[in-house]
Amino acid sequence: MHGAQEVHSPNNQVSSAGTYTVTVTGANGCTSSEEVVVIKEACGTLGGTVWFDTDNNNTQSTGETSSTGGIPDNANNLTGLTGVTVILYNASTGTTIASTTTDANGNYQFPNVPAGEYSIVFTNIPTGYTIVGSNVGPDDNSDSDGTNTGTFTFTGTDDYTHDLGVKPNVCVATVSATTSVLTCTTPTGVITASAGDSYAWSTGSTSNNITVNTAGTYSVTITDGVGCVATTSIAVSEDKSLVVVSVPDQTIACGSPDATLTASGGTSYAWSTGGVHSPNNSELGRNIYCDGTGAKWMHEFRKKL
Ligand SMILES: [Ca+2]
Ligand SMILES: [Ca+2]
Ligand SMILES: [Ca+2]
């Protein structure tokens, strides 16, 4: 009963639940009394966070969020996923109660929610993230409740247990090249990227492979179907320096049948006499002969094999 303080006005503003009594006196002096029952609806805040499960254990770990109901630990500069749409449904009727988006720290709140049966759905999650396992472990404060929490009972006491754990997709890009050194015999190489859905090469190509003919470092960014993005690069060098050929001149002395001409500096040799692929060629030579005056004469010849 709330009769301790009398109010002599037709209006009486109350803020507490309870039973109130009013006694009304008419112009004729007669009185009547009436009891008024006031029920205060239980209201509170529903909320949580979309957090990064950086250690992949499907629960909010120390350092990922604070220990109190999914509020990110900003002291560690940790943030959650911003811009995720969160929808509050009346689980009894299926109607939408409210919709909001996660803030810069991944938090969301629905204030002034009456006690009742609800469900919360997370949607518009950016590509590039995987949803972690739901309801792992015994503590609803620290678990993830999935993109649809399912029906839960809200008593009107603030409740921040409705969270969603996400983790960035990780992928690794690799490239392979048919040659790492461009030479006179291998003037081009083909660099092939590991499988993806799209490719962006430093050359501007969007193919999964590129053909290169100049030395350099070539990079590629690979994107797959779930938004996983990875970049890698490979260096291709070039060795097209000319061989320094050294063949000392020779004299075929009078009376000698030939001279050996020796080339160096290479790995294979092709003499003008043909058919000889060694550093030495004794088929090319000069005849030196002497006449009766003592003068020397020379005749070059190439012997056909
Ligand atoms: Ca974790
Ligand atoms: Ca749960
Ligand atoms: Ca939870």
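User: Which residue is the bridge partner of Tyr89 in E5?

Analyst: In this predicted model, Tyr89 has Thr96, in E5, as its bridge partner. Strands here are DSSP runs of E of at least two residues, and helices are runs of H or I of at least four, both numbered from the N terminus. Residues are numbered from 1 along each chain as its sequence is written, chains are lettered from A and ligands numbered from 1 in the order in which they are written. Local features need pLDDT of at least 70 and side-chain atom pairs count only at pLDDT 80 or more, while totals for chains, interfaces and linings use all residues.

User: What makes E4 and E5 a pair of strands?

Analyst: Two strands pair if DSSP finds at least two bridges between them; E4 and strand E5 (residues 96-101) are joined by five, so they meet that condition, and they run antiparallel. Five residues lie between the strands of this hairpin, where Gly94 takes a positive phi near 80 degrees.

User: Why is Asn56 called exposed?

Analyst: A residue is exposed if 12 or fewer other C-beta atoms, placed from the backbone, lie within 10 Å of its own, buried if 20 or more do, and partly exposed in between. Asn56 has 12 C-beta neighbours inside 10 Å and therefore counts as exposed. Asn56 lies in the loop between E3 and E4 and has a phi near 55 degrees, a positive value in a residue other than glycine.

User: What makes Asn112 and Ile39 exposed?

Analyst: Asn112 has 10 other C-beta atoms within 10 Å, so it is exposed; Asn112 lies in strand E6 and likewise has a positive phi near 55 degrees. Ile39 has 7 such atoms within 10 Å and is therefore exposed too. Ile39 is placed in the loop between strand E2 (31-38) and strand E3 (43-52), with its C-alpha 6.6 Å from that of Gly18, 21 residues apart in sequence.

User: Where is confidence lowest and where is it highest in the chain?

Analyst: By pLDDT, the predictor's confidence in each residue from 0 to 100, the lowest mean is 48, in strand E20 (residues 284-290), and the highest is 98, in strand E4 (residues 85-90). The pLDDT is also below 50 over residues 66-77. Across the chain the average is 83, and 83% of the residues score at least 70. Where pLDDT is low, the predicted coordinates should not be read in detail.

Technical notes. Contact = placed C-beta atoms within 7 Å.
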